Amino acid sequence: MSALRYQRILLKLGGEALAGENGFGIDPYQADSVADKIRRLHDLGVEVAIVIGAGNLWRGTDGLAHGMERATADHMG
């Protein structure tokens with residue numbers, strides 16, 4: 001086996017990567033599939049940091065109706 005090009009990676013997954021057919025929420029089977037792929041990377045010796053977007057979990061007016069603030073450039077310092 002050849003040497004790995006990267007020893008560490010930052011993997012940014014959109015929330016849709018974990019969603020089911022409806023395109024929102026977390027589908028356990030899809031989450032298991034993604035986790036299996038990440039596990040294979042780890043087994044190769046790659047250190048994996050993961051960031052998961054959450055737009056499909058908590059979006060727009062639903063969040064605002066429940067008191068969630070929408071981030072703006074002013075809030076991101």
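Predicted model: local features only at pLDDT ≥ 70, side-chain atom pairs only at ≥ 80, totals over all residues.
Biologist: Does Arg8 count as buried or exposed?

Modeller: Residues are numbered from 1 along each chain as its sequence is written, and side-chain values use heavy atoms, with hydrogens and water left out. The cut-offs are under 20% relative accessible area for buried, over 50% for exposed, and partly exposed in between, with a 1.4 Å probe and protein chains only. Arg8 comes in at 61% relative accessibility, so the label is exposed.

Biologist: Which residue forms a salt bridge with Arg8?

Modeller: A salt bridge here is a side-chain nitrogen of Lys or Arg within 4 Å of a carboxyl oxygen of Asp or Glu. For Arg8, the closest N and O atoms in its bridge are 3.1 Å apart, and the partner is Glu47. The link spans distant parts of the chain, with Arg8 in strand β1 (residues 8-13) and Glu47 in strand β2 (residues 47-52), 39 residues apart. At 46% relative accessibility the partner counts as partly exposed, and its name again is Glu47.

Biologist: What pattern does the protein chain follow along the sequence?

Modeller: Helices (H or I, at least four residues) and strands (E, at least two) are taken as DSSP runs, numbered from the N terminus. By that count the protein chain has two helices and two strands. In sequence order, they come out as β-α-β-α.

Biologist: How many bridges join β1 to β2?

Modeller: Two strands pair if DSSP finds at least two bridges between them. In this pairing, Arg8 has Glu47 as its bridge partner in β2. The strands β1 and β2 run parallel, and the number of bridges joining them is six.

Biologist: What is the handedness of the β-α-β crossover?

Modeller: The strands β1 and β2 run parallel. The chain gets from β1 to β2 through α1. Point the strands away from you: if the path from the first strand over the helix to the second runs clockwise, the crossover is right-handed. This crossover is right-handed.

Biologist: What is the relative accessibility of Asp36?

Modeller: Its two partners count as partly exposed, Arg39 at 44% and Arg40 at 47%. Asp36 also counts as partly exposed, and its relative accessibility is 30%.

Biologist: Which residues is Leu11 in contact with, leaving aside neighbours within four places in sequence?

Modeller: Leu11 is found in strand β1, and its relative accessible area of 23% makes it partly exposed. Leu11 and Ala49 sit 38 residues apart in sequence, yet their C-alpha atoms are 6.1 Å apart. Counting contact as heavy atoms within 4.5 Å, the partners of Leu11 are Ile38, Val48, Ala49, Ile50 and Val51.

Biologist: And Ala31, which residues does that one touch, not counting those up to four places away in sequence?

Modeller: Ala31 is found in helix α1 and is partly exposed, with a relative accessible area of 25%. From Ala31 to Gly20 the C-alpha distance is 9.1 Å, with 11 residues of sequence separation. The residues touched by Ala31 are Leu18 and Ile26.

Biologist: What share of the residues counts as buried?

Modeller: The accessible surface, from the Shrake-Rupley method with a 1.4 Å probe and only the protein chains shown counting as cover for residues, comes to about 6400 Å², and 55% of that belongs to carbon and sulfur atoms. Of the 77 residues in the protein chain, the buried share is 14%.
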